[in-house]
Amino acid sequence: MKNQVYRIAIMPGDGIGHEVMAACLPVLEAAMAKVAGRPLQFDTHHVGADVYQQTGSDIPATAWAAAEAADAMLFGAAGDPNVRYPDGREIAPQLDLREHFQLFAGVRPLRLLPGARSPLADPRAADIDLVLIREQTEGLFSARGIDDSNAQQATDVMTITRAGAERLFDFGFGLARRRKAAGKPGRLTCVDKANVLASMAYFRAIFDDRAVAHPDITADHVYVDAAALHLVRAPWEYDVMVTENMFGDILSDLGAGLIGGMGMAPSADIGPHHGLFQPSHGTAPDIVGQDKANPTAMFLSAALMLDWLADRHDDAAARQAAGVINSAVDQAYATADLLPYEHGGSHGTAEIRDQVLQQIDSLQLAP
Ligand code: ATP
């Protein structure tokens with residue numbers, strides 16, 4: 001779509017959410033300016049623990065309305081271990097947004113950037129380039145907020161529905177196909193615990209049903225415990241992985257560790273009509289206000305947002321701007337020897353932002 005000005009609902013959240021978002025907005029603007037000279041319309045809303053303390057609501061009505069109307073949501077991180085709902089749970093507006101907008105596919109790309117450091121000594125770590133898709137509207141997290149515990153026991157329920165699993169797997173096969181067109185293996189691996197839980201045997205059976213409709217993609221399975229082992233031993237062997245909510249929550253942190261830390265892992269939460277983009281990390285209260293937050297995952301999440309907008313609106317400029325951010329981040333790591341604090345280095349939020357902005361400035365666009 002030509003001359004589209006996208007309305008982006010900006011939700012920095014709490015803690016380092018503010019810091020990585022503040023670093024990201026100039027990067028987004030610079031990338032859009034580089035390719036098209038057109039602005040994005042940012043509409044900032046406060047959600048999370050701070051606003052909950054002030055107003056009694058973690059997502060005020062104005063923020064809900066802005067999220068509904070926006071072309072996309074860009075989210076920092078939210079929550080504070082010291083601020084809780086009366087039942088003791090942490091404030092987590094991102095979970096409410098996922099459920100409300102049915103953001104069923106949590107897309108977590110895990111790629112080791114050129115020049116970035118993995119804790120794996122094997123040189124093949126340079127080839128880590130997989131995507132973990134986490135179901136986000138049901139699974140074990142559907143038990144959230146339902147408390148029937150008593151002094152003797154507590155039970156949480158894993159919910160898998162046919163409709164929920166089918167849309168998840170179809171999304172996964174579609175993503176594997178798209179990556180195959182770009183030279184990846186074209187493989188989707190279902191991560192489950194089908195050997196123990198009926199819900200997971202059901203999940204796997206639906207995966208196998210849907211695989212029949214996608215014969216061009218190699219479909220296979222792995223138990224979640226074995227997946228944890230393989231992800232540490234040979235993560236470069238995976239292409240696209242798909243799993244239920246809780247397993248995905250755990251494995252995506254493991255995956256972030258493989259590519260250098262939470263600050264390197266972006267995510268896209270995709271639903272039928274809405275998309276929310278945020279780094280995989282939380283609010284990191286231990287490093288707030290020290291310029292130690294790595295904003296890389298936030299930048300890469302913004303690129304995922306532009307890519308998604310490009311698909312939805314058939315917008316070549318947005319696609320090109322996403323490419324600009326990805327290339328600039330790659331170049332910054334490859335050439336500036338960036339070593340964020342979380343890797344034991346001394347490059348902080350501002351330095352990483354400036355290096356990426358400099359790369360955007362000097363990038364030569366293909367004619
Ligand atoms: P949540 O439950 O919301 O996912 P969490 O408590 O599991 O959050 P994070 O806030 O993601 O955890 O932080 C986990 C660790 O990773 C902390 O030590 C934190 O300092 C570090 N960390 C997280 N994000 C970043 C970042 N962007 N840059 C540097 N360190 C980070």
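## Thr55 and helix α2

In this predicted model, a polar atom of the Thr55 side chain lies 2.7 Å from the backbone oxygen of Val51. Thr55 belongs to helix α2, which comprises residues 49-55.

Thr55 may also be placed relative to a residue elsewhere in the sequence. Between Thr55 and Ala366 the sequence separation is 311 residues, and their C-alpha atoms are 49 Å apart in space.

## Packing of helices α7 and α8

Two packed helices are described by the angle between their axes and the distance between the axes. For helix α7 (residues 224-233) and helix α8 (residues 245-258), the axes come within 10 Å and cross at roughly 10 degrees. An angle under 35 degrees counts as roughly parallel, and α7 and α8 are therefore roughly parallel to each other.

On the α7 side, the contact is formed by Val224, Ala227, Ala228, Leu231 and Val232. Helix α8 contributes Phe247, Leu251, Leu254 and Leu258. By residue class, the contact of α7 with α8 consists of 9 nonpolar residues, with no polar and no charged ones.

## Surroundings of the ligand

The ligand is surrounded by 13 residues, of which His281, Gly282, Ala284, Asp286 and Asn294 are the closest. The shell around the ligand divides into 5 nonpolar, 5 polar and 3 charged residues.

How values were computed:
Residues numbered from 1 in each chain as written. Predicted model: local features only at pLDDT ≥ 70, side-chain atom pairs only at ≥ 80, totals over all residues. Heavy atoms only, no water. Near = heavy atom within 4 Å. Nonpolar A, V, L, I, M, F, W, Y, C, P; charged D, E, K, R; others polar. Axes fitted to C-alpha atoms, helices over the stretch in contact; angles between N-to-C directions. Helix = DSSP H or I, 4+ residues; strand = E, 2+ residues; numbered from the N terminus. Parallel < 35°, antiparallel > 145°, perpendicular 65-115°, else oblique. Contact = heavy atoms within 4.5 Å. Polar contact = N/O pair within 3.5 Å; in protein donor to acceptor, adjacent residues only side chain to side chain.
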